[in-house]
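Open the viewer and keep the selection panel at hand. The tour below goes stop by stop.

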Amino acid sequence: MDVKSTKNYLYWLFCQFELITCSYLMEPWEKVLFYTFNLTMVLTLFYTTYVFVSVQFSSALHFLWHFPGNQHGNTVSVVK
């Protein structure tokens, strides 16, 4: 795939986005507000997903790492 066709494809995707959201009807200042809001929401979603998934993944690995081995270290010996 050459650069020109990639550029044309990205332009086509942007045109589809404008058609779906009807942002082609907006004035330039409205487009700036609309795109800024949408970009902020997408970045917030990605950041929240990154933080949440990494914490959950870390917790799951910690649980699985200590699950099969060294369980006797936390138990109290009943027999003396």
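This is a predicted model.

**Stop 1: the loop.** Stay on Cys22. Cys22 sits in the loop between helix 1 and helix 2. Check the backbone torsions here: phi is positive, about 60°, although Cys22 is not a glycine.

Step along to Ser23. Ser23 belongs to the loop between helix 1, residues 3–21, and helix 2, residues 28–66. Is Ser23 buried or exposed? Its relative accessibility is 0%. Buried means under 20% relative accessible area, so Ser23 counts as buried.

Next, show what surrounds Ser23. Leave aside the neighbours within four places in sequence. Ser23 is then in contact with Glu18, Lys31, Phe34 and Tyr35. Pick out Tyr35 from that set. The side chains of Ser23 and Tyr35 are joined by a polar contact of 3.2 Å.

**Stop 2: the salt bridge.** Select Lys31 and Glu18, both among the contacts of Ser23. Side chains of opposite charge can pair when their charged atoms come close. Lys31 and Glu18 form a salt bridge, with 3.2 Å between the closest N and O atoms. The pair links distant parts of the chain. Lys31 is in helix 2, Glu18 is in helix 1, and 13 residues separate them. How many salt bridges does the structure hold? One.

Colour the two partners by accessibility. Glu18 has a relative accessible area of 13%, so Glu18 is buried. Lys31 comes out at 21% relative accessibility. The cut-off for buried is under 20%, so Lys31 counts as partly exposed.

**Stop 3: the nonpolar patch.** Switch to a surface view. Select Tyr9, Leu10, Trp12 and Leu13. Together they make a nonpolar surface patch of about 420 Å². Finish on one member of the patch, Leu13. Leu13 is found in helix 1. With a relative accessible area of 35%, Leu13 is partly exposed.

Conventions:
Residues are numbered from 1 along each chain as its sequence is written. This is a predicted model: local features need pLDDT of at least 70, side-chain atom pairs count only at pLDDT 80 or more; totals for chains, interfaces and linings use all residues. Side-chain values use heavy atoms; hydrogens and water are left out. Helices (H or I, at least four residues) and strands (E, at least two) are DSSP runs, numbered from the N terminus. Buried means under 20% relative accessible area, exposed over 50%, partly exposed in between (1.4 Å probe, protein chains only). A polar contact is a pair of N or O atoms within 3.5 Å; within protein, one must be able to donate a hydrogen and the other to accept it, and residues adjacent in sequence count only if both atoms are side-chain atoms. Contact means heavy atoms within 4.5 Å. Patches are made of residues with over 30% relative accessible area and no salt bridge: like charges are joined within 9 Å, nonpolar side chains (Val, Leu, Ile, Met, Phe, Trp, Tyr) within 5 Å. Accessible areas come from the Shrake-Rupley method with a 1.4 Å probe; for residues, only the protein chains shown count as cover. A salt bridge is a side-chain nitrogen of Lys or Arg within 4 Å of a carboxyl oxygen of Asp or Glu.
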